[in-house]
Amino acid sequence: MHYRNKGWFTLLGILFATAAHAEPPMNVDDAGTLGKGGMKIEGAWSRDDMTRGGELLFGFAPLEDLEIAIGAGRATDRTDDPSARLRGTGIGFKWVPIQNEAGWSLGASLVLDRTRIHDRANDEHRTERSDALTGLATYRFEDGRKVHVNLGAVRVKAPGEREALGTWGLGYDTVLADRLQLTAEVFGQEKSRPDKALGLRYEVAEGFKISGAIGRGNDRSFGQIGFAWEF
């Protein structure tokens with residue numbers, strides 16, 4: 001997720017990591033992919049300070065260890081009156097050549113996003129593009145606990161501006177009860193303080209999960225509710 005105060009550099013935290021692969025409600029991604037031929041649909045409604053919106057993603061695995069996702073989202077930023085409107089689209093690729101049921105799994109992801117912004121307060125339209133490359137590592141314990149580590153960089157281009165920043169994340173999920181998981185994470189980027197979030201993920205039926213999370217960081221609160229369906 002992307003955040004930065006105005007300037008329309010919507011880096012880590014606002015809404016659009018539209019083609020990111022992290023399963024809701026987490027922002028930190030895991031080193032794992034769908035099995036060959038597998039598909040998934042994920043959706044989430046997000047709140048980040050004065051921004052509200054939703055996103056929908058479709059993913060599939062054409063090859064072993066490779067997952068591709070296509071996403072789209074819309075949001076409204078109510079910081080100003082009238083509010084600004086954002087529309088995002090993106091595509092993501094996740095390759096995890098080392099995958100283990102216990103121990104370390106290692107891979108990487110590439111996410112290409114495009115966000116169209118209508119700043120109605122100034123009657124301006126602008127487009128922002130971002131490219132994010134992230135190294136992924138997950139350690140799976142035999143009792144079901146998982147630790148996820150992300151380390152990468154994001155490059156953002158907007159009219160008259162461009163910037164490249166390092167990104168990082170540390171996540172943890174564990175089984176609380178039958179079909180119920182607890183998620184915890186801390187993540188961030190250069191030039192900002194960490195964001196922290198706690199969430200719950202519940203498997204309603206085989207392959208179908210619902211989730212929610214709340215977080216705090218950089219003088220703001222954020223949260224989301226979502227679902228994930230693998231088939």
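In this predicted model, the hairpin of S10 and S11 has two residues between its strands, and Gly-207 there takes a positive phi near 90°. Strand S11 covers residues 208-217 and is joined to S10 by nine bridges, the two strands running antiparallel. Within this pairing, Lys-196 stands opposite Arg-216 of S11.

## Strand pairing

On its other pairing described here, S10 is joined to S9 by eight bridges, again in an antiparallel arrangement. Ala-184 has Leu-198 in S10 as its bridge partner. S9 and S10 also form a hairpin, with five residues between them. In that turn, Lys-191 has a positive phi of about 70°.

S3 (residues 66-77) and S4 (residues 84-98) run antiparallel and are joined by twelve bridges. Ala-69 is paired with Gly-92, its bridge partner in S4, and six residues lie between the two strands of this hairpin. S4 is also joined to S5 (residues 103-119) by twelve bridges, and this pair runs antiparallel. Here Phe-93 has Leu-110 of S5 as its bridge partner, while four residues separate the strands of the hairpin.

## Ile-210

Ile-210 is placed in strand S11. Which residues does Ile-210 touch, not counting those up to four places away in sequence? The contacts are Leu-200, Arg-201, Tyr-202, Val-204, Gly-226 and Phe-227. Even with these contacts, Ile-210 has a relative accessible area of 39% and is therefore partly exposed. Gln-181 is 29 residues from Ile-210 along the chain, and the C-alpha atoms of the two are separated by 11 Å.

## Largest pocket

The largest pocket holds about 600 Å³ of space. Its lining consists of 29 residues, and those nearest the centre are Glu-23, Asp-30, Lys-146, Arg-201 and Lys-209. Of the lining residues, 15 are charged, eight are nonpolar and six are polar. Strands that each supply at least two residues of the lining are S1 (39-48), S7 (146-158), S8 (161-177), S9 (180-189) and S10 (195-205).

Arg-201 is one of the contacts of Ile-210, and Asp-30 takes part in a salt bridge with Arg-140.

## Salt bridges

Side chains of opposite charge can pair when their charged atoms come close. How many salt bridges does the structure hold? There are 15 salt bridges, and the table gives three of them with the separation of the closest N and O atoms.

| Arg-140 | Asp-30 | 3.8 Å |

The salt bridge of Arg-140 with Asp-30 has its closest N and O atoms 3.8 Å apart. This pair links distant parts of the chain, with Arg-140 in strand S6 (residues 124-140) and Asp-30 in the segment before S1, 110 residues apart. Arg-140 has a relative accessible area of 15%, under the 20% limit, so Arg-140 is buried. Asp-30, at 23%, is partly exposed. Both residues belong to a network of salt bridges that links Asp-29, Asp-30, Lys-94 and Arg-140.

Glu-124 has a relative accessible area of 33% and is partly exposed.

Arg-155 is partly exposed, with a relative accessible area of 42%. Asp-131 also counts as partly exposed, at 26% relative accessibility.

Conventions: Residues are numbered from 1 along each chain as its sequence is written. This is a predicted model: local features need pLDDT of at least 70, side-chain atom pairs count only at pLDDT 80 or more; totals for chains, interfaces and linings use all residues. Side-chain values use heavy atoms; hydrogens and water are left out. On a 1 Å grid over the protein atoms alone, a cavity is a set of points where a 1.4 Å probe fits but cannot get out, and a pocket is an open set with protein on both sides within 12 Å along at least five of seven lines; lining residues have an atom within 4 Å of a point. Grid points are joined across faces, edges and corners, and a volume is the space filled by probe spheres set on the points. Ala, Val, Leu, Ile, Met, Phe, Trp, Tyr, Cys and Pro count as nonpolar, Asp, Glu, Lys and Arg as charged, and the others, Gly among them, as polar. Two strands pair if DSSP finds at least two bridges between them. Buried means under 20% relative accessible area, exposed over 50%, partly exposed in between (1.4 Å probe, protein chains only). Contact means heavy atoms within 4.5 Å. A salt bridge is a side-chain nitrogen of Lys or Arg within 4 Å of a carboxyl oxygen of Asp or Glu.
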